Structures are given as C-alpha cells and as structure tokens.
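Here are my notes on the model you sent over. Have a look at the sequence and the 3D view first, then read along.

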Amino acid sequence: MASHGIEIRGLYKIFGPRGQDHVAQVRGGMSKTELNERHGHVLGLRDINIAMPAGQITVVMGLSGSGKSTLIRHINRLIEPTAGEVIYDGADICRMNARDLREFRRHKTAMVFQKFALLPHRTVMENTLYGLDVQGVPRSQSRKSAQHWIERVGLAGFENHYPNQLSGGMQQRVGLARALANDADILLMDEAYSALDPLIRVDMQTVLLDIQSELKKTVVFITHDLDEALRLGDKIVILRDGQVIQQGTGQEIVLSPADDYIASFVKEVNRSRVIQARTVMKPAVGTLEGVKVSADETLESVAQRLTRAERSSAIVVDEDGIEIGILDLNTILAAMVNPVGHHATPAGPR
Ligand SMILES: Nc1ncnc2c1ncn2[C@@H]1O[C@H](COP(=O)(O)OP(=O)(O)OP(=O)(O)O)[C@@H](O)[C@H]1O
Ligand SMILES: [Mg+2]
C-alpha cells in the first residue's frame, strides 16, 4: 500500500463562538492571553505548517495545553479548523464532504488512545475485530486478519481474554492490534503510552518501531516525553502555546535547540543516543581498516561496537558502503560531553 504524507498548511484554531472573527487579530500577532482576556476566545493553534512525511513517524511534543491534541484531531477532522488546510493524497481533509470524510476516517486513519478505549464486554479478539465490523468486513475474513495482528503485537493465546484480565501494557497491545487490523495508512497516537509504567512503555515503543520498520505507515505520535520523542520520531515538532517553535530530526533539535526553552529540556538528554556518526566523523584519508559503521548510527551504538571489537576507531560508510569518514573514541567522548553549541548545524543531509 502506497503511503501518503500529511501536509498541514497555515492551520489556525480559535475556540469560542466567533473564532472566525478573531483570525485577523491573531494573524496580526495577538497573544493567546490577550485573545482570552479581551475576547474570551482560546487560541488553540496558530499558523501551523508541518510536512509529515509518508511512511515516517512524526512526533508532536509540548507541555500540557500546548495544542497537541487539537492538532492531531484536525487530521481526522474531529475538530474543524478556523483557517488553513490539512492535505492528504491531494485532498484537503478540511473540505471533504460528509461521505468522503467518513470513508477517509474509516479506511485511511486509525487511532490509538491513552485510555485504550477497549470495549469491556468484548474479548481481545472481538475488540481487535471492532474496526473491521464497522467497515462491514465479513467475520470469515476479518478473523484471519485480527488473529494476525494479535500475534504480531505479542498477544497470541489471549484471544479470548477480556480487557480487565490484562495488564495496562497488554491492553495497549490490543489497542494497537485493533488499529493495525484496520489496515489504515495513517496511525494517530495521542499520548498512547503515557499511562504505562516506564519499562512497559519502552517495550511498547519497541513494538511500534518493529512494526513500523515493516509497515511504514504515516504515524503521528503525541507525547510530552522527550526520550520517547527521540526514540520514536523520524521528525519531531515542538509546540508551545499553540505554535510550532521547532521542527526537525531529534539530532537537529538536540544539537541546535531553537531557543533557551528547548535548550533547557534537551540539556539532560543522553546525547550519544541522538548524535549520528556522520555528524562528528573526521574526513577519511588514506587506506582504512577496522570496524565499519553506518553514517546514521548513533555514537552509543558505535562506541558499543568499538568496545566489543577492542578497537579505538571506526570507518564510517554511507548507504552504498562507500567509506566517508573515520570516528574514534576520543571524538565520540568529546561530542558527548561538549555541547556542540546552540547554533551548530549537523553536517551532511539526512
Ligand atoms: N473544546 C475546547 N474549547 C475551548 N478550549 C479548548 C478546547 N479544547 C482545547 N482547548 C484549549 O486549547 C489549548 C490546547 O489544548 P490541547 O488539549 O490541544 O492541549 P494538549 O497539548 O493536548 O494538552 P495535554 O498534554 O494536557 O493533553 C488549551 O489551552 C485548551 O484549554
Ligand atoms: Mg492532549
């Protein structure tokens, strides 16, 4: 199934009875506080422009109230925009008629919720079948597909259990199986893992990454956890007060935070898990030998491999196996302890 990206353009959401009337003021720079105090309207989103690439995970991050849920709900139009467009496969979701919207929601999108939203009186199998029932797929077909996804998320043997017989992590696996059974191109996950214990949460991240490496869906994943964002996000978008304040790869955000606010929360990050070999490698000269690592490997991974091989430097190769640089342990250490600086630009395209 060919995947499509999602393109959000000039999106505004102003909550209140006359949102439209205030777009011009907000465009002109009126703040969220002023809009609320003077007009009793709430600024949900201001001029959001994001390209969410096909087949990738876009993470939306921000503190409570920053507009994350408002943003993701525009993608299946659970919320009507005040201005702007959400383009998918050439169509503006915000302008679809009722029938097209219903089709789009049913066949192109699936949601995974924080509270799992499982039906308590239905078994794991029946919960997984739910979306397919709604689509009118006959049970003779849908059972096979549901069984496949139940197994794929690691719940084989639990088909006939009820949600209250399962741990939180297992319930979330059911939520994921149900979403995947829909065969939708877009997966919307609003704080899907936020209620889980830390270790279970990491397990669920692994399940998602594993499935994603095979399915390549267009995933929109909301979190307020930076480690989760860095682990999952091909692209990370940071929202504050309804505005995008930075978007880029995890590495770009960690190496060049757009402002002091972002700098303050990326400070604690384990940089070796984010910075890639190509960013800090030195040019390759002469004949090289030793451990080969790929350009997009993290410094942590390179360091582990060097340690295991009892070597102190690695040869960095690109996707075609061409040697493009060398990376030694000293360079890795330096990159981990020295902030590269707010405005350092990672080398090379990614
Ligand atoms: N239906 C609504 N009516 C009025 N204001 C709303 C409505 N929904 C959201 N808001 C406001 O819009 C802003 C963004 O809310 P939103 O729920 O999108 O934030 P969030 O980033 O998802 O927060 P959280 O992390 O708590 O889930 C907040 O100021 C919120 O109070
Ligand atoms: Mg929310």
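The points below go through a sheet, some salt bridges and a surface patch.

1. Ground rules. This is a predicted model, where local features need pLDDT of at least 70 and side-chain atom pairs count only at pLDDT 80 or more, while totals for chains, interfaces and linings use all residues. Residues are numbered from 1 along each chain as its sequence is written, chains are lettered from A and ligands numbered from 1 in the order in which they are written, and side-chain values use heavy atoms, leaving out hydrogens and water.

2. The sheet. Follow the order β11-β14-β13-β12 and you have an open sheet of 4 strands with mixed pairing. (Strands are DSSP runs of E, at least two residues, and helices are runs of H or I, at least four, numbered from the N terminus; two strands pair if DSSP finds at least two bridges between them.) Why do β11 (282-283) and β12 (291-294) stand at the edges? Each has a single partner strand, so one side of each is left without a neighbour in the sheet. For β11, the pairing with β14 (residues 323-328) is antiparallel, over 2 bridges, and P283 has G325 in β14 as its bridge partner.

3. Helices on the sheet. Helix α13 (residues 299-309) packs on it, touching β12, β13 (313-317) and β14; contact here means heavy atoms within 4.5 Å. Helix α14 (residues 329-337) also packs there, touching β11 and β14.

4. Salt bridges. The whole structure has 16 of them, each a side-chain nitrogen of Lys or Arg within 4 Å of a carboxyl oxygen of Asp or Glu. One joins R152 and E214 at 2.6 Å, N to O. That pair links distant parts of the chain, 62 residues apart: R152 lies in helix α6 (residues 139-152) and E214 in helix α8 (residues 198-215). Another pairs E297 with R305, with the closest N and O atoms 2.8 Å apart. Is E297 buried or exposed? E297 is buried, at 15% relative accessible area, while R305 is partly exposed at 27%. (Buried means under 20%, exposed over 50%, partly exposed in between, with a 1.4 Å probe and protein chains only.)

5. A surface patch. L119, Y130 and V134 form a nonpolar patch with about 220 Å² of accessible area together. Areas come from the Shrake-Rupley method with a 1.4 Å probe, and only the protein chains shown count as cover for residues. Patch members have over 30% relative accessible area and no salt bridge; nonpolar side chains (Val, Leu, Ile, Met, Phe, Trp, Tyr) are joined within 5 Å, like charges within 9 Å. L119 is partly exposed at 31%.

Definitions and conventions:
Two strands pair if DSSP finds at least two bridges between them. Axes are lines fitted to C-alpha atoms, for helices over the stretch in contact, and angles run from 0 to 180 degrees between N-to-C directions.
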